[in-house]
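Hi,

Here is the structure we talked about. Please have a look, then read my notes below.

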Amino acid sequence: MWFTLLSCTIFMALVGWVSYLKSKGSVDDSDGYFLAGRGLTGGFIAGSLLLTNLSAEQLIGLNGQAYRTNLSNMAWEVTAAFAIVIMALVLLPRYLGGAFSTLPQFLSTRFDEGVRRYTVILFMLGYVFVTIPSVLYSGALAVLKIFDVESMLGISFEQSVWLTIWVIGIIGAVYAIFGGLKAVAVSDTLNGIGLLLIGLIVPVLGLVALGNGDFAEGFKTIATEKPEKLNAIGSSTDSVPFSAIFTGMIFMNMFYWGTNQYVIQRTLGAKNLAEGQKGVLYSGFYKLAVPFLMMIPGVIAFHLYGDKLDPVDLAYPSLVSNLLPTFMSGIFLAVLLGAVFSSFNSLLNSAATMFALDVYKPAMKKEVSDKQLITVSKYFGSILALVSFFIAPMLMNAPDGIWDLIRRFTGFFNIPIIAIVLVGIVSKRIPALAAKIAIIFHVVTYYMLVWGLNQLFGIETTINFIHISAILFVIEVAIMMVVGKVRPLQKPYQFKATLKVDMVPWKYTLPVVTILLSLVVAVYLLFSPIGLAYAGGIVSGWFWPSVALLAVVTTICFVLALKSWSRKYESYVKGKHEEALNHTDTKSA
């Protein structure tokens, strides 16, 4: 135990020291504290996005789902590539071109301060009551299961949950509150390297153990015995039906990667548009590795331990405790905590940023200095952290587990926000009233369809909540368009551009997009009934011809992107930005 804690402490201290050195002197003004001085490069953005997204609920929850059913839940991770592409090509140029610090700030310029307040309320309620507590709780649960804190300290399960949450929370809060975004981004990148290394080691050790010392034999076992466990094509009875990928999941992932403040804040701190696009697209390749690192271990656990683990979330902790060498346990604990800290302190930093820039600053009638904003942000972050420490342990009573709870509750705010952002970008006449009606309509209707009808009237809704989200998205867009027809803006909205960062796109954006989307299809081919989930062998006869066809199509698209599409895209982005700049200059004059 002492060796584990000592090695963990040394690794975490090293990460903290490097983060301090990298961020020292860069948090003295609001851009430095909230947006890392608008100087983040693609590597740091990608590393921070990776660790912000991958936390203990993924590590434990996804492996638990793979152990329980199959790989259909990988859709949450792999198909995020579609949303990542939209963020890189469409949304990021708009955000950086306007030099926005927060998403609500963008909405206030497009609509009004009322819409800004509505979205801040949605974000804050989601962060305080669901997202931050769930990150802390899932992290604490992972540590408890893997290292048996109850037995080590001789305390009850409830006491150990409270203790672990407070320890994790206090350390994570220090990074976010006192270091600003750059400290968060640097620590995320270093922890990300550790997570990838450990993530590769665990499935390798699992396959070796399954094959009685032979890696190839272990792989053959999971591919030929109960191959349905490797099927990612979800049926209507799975928690993620394959059809859901083309309905609500698209918009849910678009919200997360394109509008969720604690994710996009890293890209808003980009040195320029090219670095921002690099960071976003690099993170898409990381997402493709999730099934291999965070779901295959669950399948291996099923083959090693059978279906007797209860709860199913014990799958990954069981592998780690039984297979990981003792000398690596401290590093694993440090990486696991690093993943938890990343999501926690990223949420905390983003919530504090929104409060300072979207609540406090607009509410003050006089000019507010950068020093005041940073001070207010730190106080608010401290209060928010304390509140979350008390709420997180209550999730012990969540009836259906943390994975399902998070996704269902984020449905309250993800769909209306992505709907009003997209409508705000593509339209010029739709007023703020339309956005406000859509938000209120969604919150009430979503609650009634997912929980309310059953709780209040005993009527059970059989539609999957992902499909419900897609239906509501369409209805809310229609509502805003109708309001725009009935009460259009008298003066059309005109985007105002700034010159804070260089707006030349990365020249390899479209070629990389081509490869990324091709790999998404390849991963689904691999984990499908014609791939590793084939019942008659390792793969079916259709697998390799399908891969060959995909390679040909990808090559053609890559060449076109390199020779033609990239130039047209660069001209379009630069032209749009220059047009907005000219309009802004004319209006100023």
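At which residue does H6 bend, and which proline follows? H6 bends by about 50 degrees at Leu91, and Pro93 follows within four residues. The bend at a residue is the angle between axes fitted to the seven residues ending there and the seven starting there.

Some ground rules. This is a predicted model, with residues numbered from 1 along each chain as its sequence is written. Local features need pLDDT of at least 70, side-chain atom pairs count only at pLDDT 80 or more, totals for chains, interfaces and linings use all residues, and side-chain values use heavy atoms, with hydrogens and water left out.

Back to H6. Helices are DSSP runs (H or I, at least four residues), numbered from the N terminus. H6 covers residues 80-97. 14 of the 18 residues are buried, so H6 is largely enclosed by the rest of the structure. Buried means under 20% relative accessible area (1.4 Å probe, protein chains only).

Next, Val202. It sits in helix H10 (residues 157-210). Val202 is buried, at 3% relative accessibility. Its C-alpha lies 8.0 Å from that of Leu293, 91 residues apart along the chain. Leaving out residues up to four places away in sequence, Val202 touches Pro297, Tyr316, Leu319, Val320 and Leu324. Contact means heavy atoms within 4.5 Å.

Last, Thr514 in helix H24 (residues 509-526). Thr514 is also buried, at 13%.

Best wishes

Methods
Helix = DSSP H or I, 4+ residues; strand = E, 2+ residues; numbered from the N terminus. Expected span 1.5 Å × (residues − 1). Buried < 20%, exposed > 50% of the residue type's maximum accessible area, 1.4 Å probe, protein only.
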